[in-house]
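Thanks for coming. Please look at the sequence and the model on the screen while I go through a few places in the chain.

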Amino acid sequence: MMKLVIEYAYTRTVPVTAENVESLLSAADQFNIMGIVRLCCEFLKSQLCLENCIGICRLTNCYHCPNLQQTAYTFILHNFEELIKVSTEFLDLSVDELKGIIEKDELNVKQEDVVFEAILKWIAHDPENRKQYISVLLSKVRLALMQADHFMKKVKMHDYVKDNEDCKPIIINALTAMYDLSANGPSVSDFVNPLTRPRLPYAILFAIGGWSGGSPTNAIETYDARADKWVNVTCQEESPRAYHGTAFLKGFVYVIGGFDSVDYFNSVKRFDPLKKTWHQVAPMHSRRCYVSVTVLNNYIYAMGGFDGYTRLSTAERYEPETNQWTLIAPMHEQRSDAGATTLYDKVYICGGFNGNECLSTAEVYDATTDQWTFISPMRSRRSGVGVIAYGKQVYAVGGFDGVNRLRTVEAYSPIANTWRTVPTMFNPRSNFGIEVVDDLLFVVGGFNGFTTTFNVECYDEKADDWYDAHDMGIYRSALSCCVVPGLSNVGEYAARRDYSLESLQTEVKYTSSTSTLPV
Ligand SMILES: *[C@@H]1O[C@H](CO)[C@@H](O)[C@H](O)[C@H]1NC(C)=O
């Protein structure tokens, strides 16, 4: 190590490897050679995975590498569900370390039973010494958010829990909170009580722009799926847009094409969700209102649309590194107001309007051959349709068939090249937002044939059923949704969780929601 340190003094470089990194970091730290410390930390950061993240995080307790520590800890919190399945380091956590992890709002778990199972797994590694900690750990589980029957059968009746006196008050409090929640609906006080406080979402759904009250809007709302709440994050300075597309790629949200009631846009704007800044990037070759957008292998694809004169069959793709749009092969059909998504490295585009009729046809694009191929047509004509990849299939949701706004849903299996019928939505809609968050398919707003709506519902593939979700604050159609995962400032886009008890006394209770969303 001394040899490497001296070499570094002359050359300012040092070969960091998996074998030498720990000793090198230790030596560099001892002699206070921050350049080497930095190189070691960068190396460790690049190696972070489920199997080693806890060890790397521990290592940072001994040395000064705050950035690596933060990254490793966040990695643990974000990947907790997968980590507990494979990590052997997890079993060696101290009770305080485990408690520290599972009490965090940032812990990324869709259901609280995952946390309880993790505790059981940790105790099972050394039951005699560890079962005494059940009450300390149990109090960090958001017990009242569990499914009631799961809580009764799996938690309340568990031997560790039954045998521990200190668990009794926790169980009683959880039952009370659970009862309040189902009798009175969610209230802001849920955010203070550690048994009912929702975790922070890992991925945030953005609902951007659209048509509201007869004019385009610049509204942006974000959806916190863990709390089932919308947050208004509208940026007043931004101009309104409707009938555009949005995409998330490499840290940025792109807003593409669209219409503001005067101009049909070829312009593209990009939003940095960390800095909250907007920048214009290279414009598309064509003006595209009613455009369909998706992301495949680090390119954004923009297809079809209406340029103010004709419905387009052309398509193009954007590469962020070069800030350039490049035309790709045109589609077989002119399509405006179609829907597009990506599944298994291919782009799918379904339905739309060709200037004469609403389309039931759909095509798939293979980027390796630059070719479009027709797939089986949908069962309905659908324009203003929501299209999204979900559970290994392409879903086509709602839309307009030329006569009615549709409630119907169908899903395409690429293997069988067939469409099947999926349960219908509660509400008919076209020109709405569609995205998948926490393994649920959300449809957001849209036009129902009479009015624009703020209604939101979600489909759960496992239950094969639709649920009501919380309405947006702003009613609108022709909006576009995208999902942004892993934000370090997620709290700025999520429902507030920092209510204090005092502020609650002056706060009005939220109107009780009819939501049956399984959060
Ligand atoms: C959302 O926020 C914007 C900007 O702060 C504000 O102008 C608008 O009225 C808000 N909308 C709603 C429905 O609260």
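Isoleucine 76 lies in helix α5, residues 66–78. Helices here are DSSP runs of H or I with at least four residues, strands are runs of E with at least two, and both are numbered from the N terminus. This is a predicted model, where local features need pLDDT of at least 70, side-chain atom pairs count only at pLDDT 80 or more, and totals for chains, interfaces and linings use all residues. Residues are numbered from 1 along each chain as its sequence is written, and side-chain values use heavy atoms, with hydrogens and water left out.

Is isoleucine 76 buried or exposed? Its relative accessibility is 3%, so isoleucine 76 counts as buried. The cut-offs are under 20% relative accessible area for buried, over 50% for exposed, and partly exposed in between, with a 1.4 Å probe and protein chains only. Leaving out residues up to four places away in sequence, isoleucine 76 touches Cys53, Ile54, Cys57, Leu83 and Ile101; contact means heavy atoms within 4.5 Å.

Next, the nonpolar cores. A core is a set of buried Ala, Val, Leu, Ile, Met, Phe, Trp, Tyr and Cys residues joined through side-chain atoms within 4.5 Å. The largest has 67 residues, and Ile36, Phe80, Phe90, Leu138 and Leu143 touch the most other members. Helix α8, residues 113–124, gives the most to this core, with 8 residues. A second, separate core has 18 residues, including Trp230 and Met472.

Now the strands. Two strands pair if DSSP finds at least two bridges between them. Strand β12, residues 339–343, runs antiparallel to β13 and is joined to it by 5 bridges. Alanine 340 has isoleucine 349 in β13 as its bridge partner. The two strands form a hairpin with 2 residues between them, and tyrosine 344 in the turn has a positive phi of about 45°. On to the next pairing: β13 and strand β14, residues 362–366, are antiparallel over 4 bridges, with valine 347 partnered by tyrosine 365 in β14. Strand β13, residues 346–350, is mostly covered, as 4 of its 5 residues are buried.

Last, salt bridges. Side chains of opposite charge can pair when their charged atoms come close. The rule is a side-chain nitrogen of Lys or Arg within 4 Å of a carboxyl oxygen of Asp or Glu, and by this rule the count comes to 23.

Take glutamate 7 and lysine 3, whose closest N and O atoms are 3.3 Å apart. Both lie in helix α1, residues 2–11, and are 4 residues apart, about one turn of the helix. Glutamate 7 is partly exposed at 33% relative accessibility, while lysine 3 is exposed at 60%.

Glutamate 221 and arginine 476 form another salt bridge, with 3.0 Å between the closest N and O atoms. This pair links distant parts of the chain: glutamate 221 is in strand β2, arginine 476 is in the loop between β23 and β24, and they are 255 residues apart. Both glutamate 221 and arginine 476 are buried.

One more item: Asp105, Arg142 and Arg197 are linked in a network of salt bridges. That is the end of my part.
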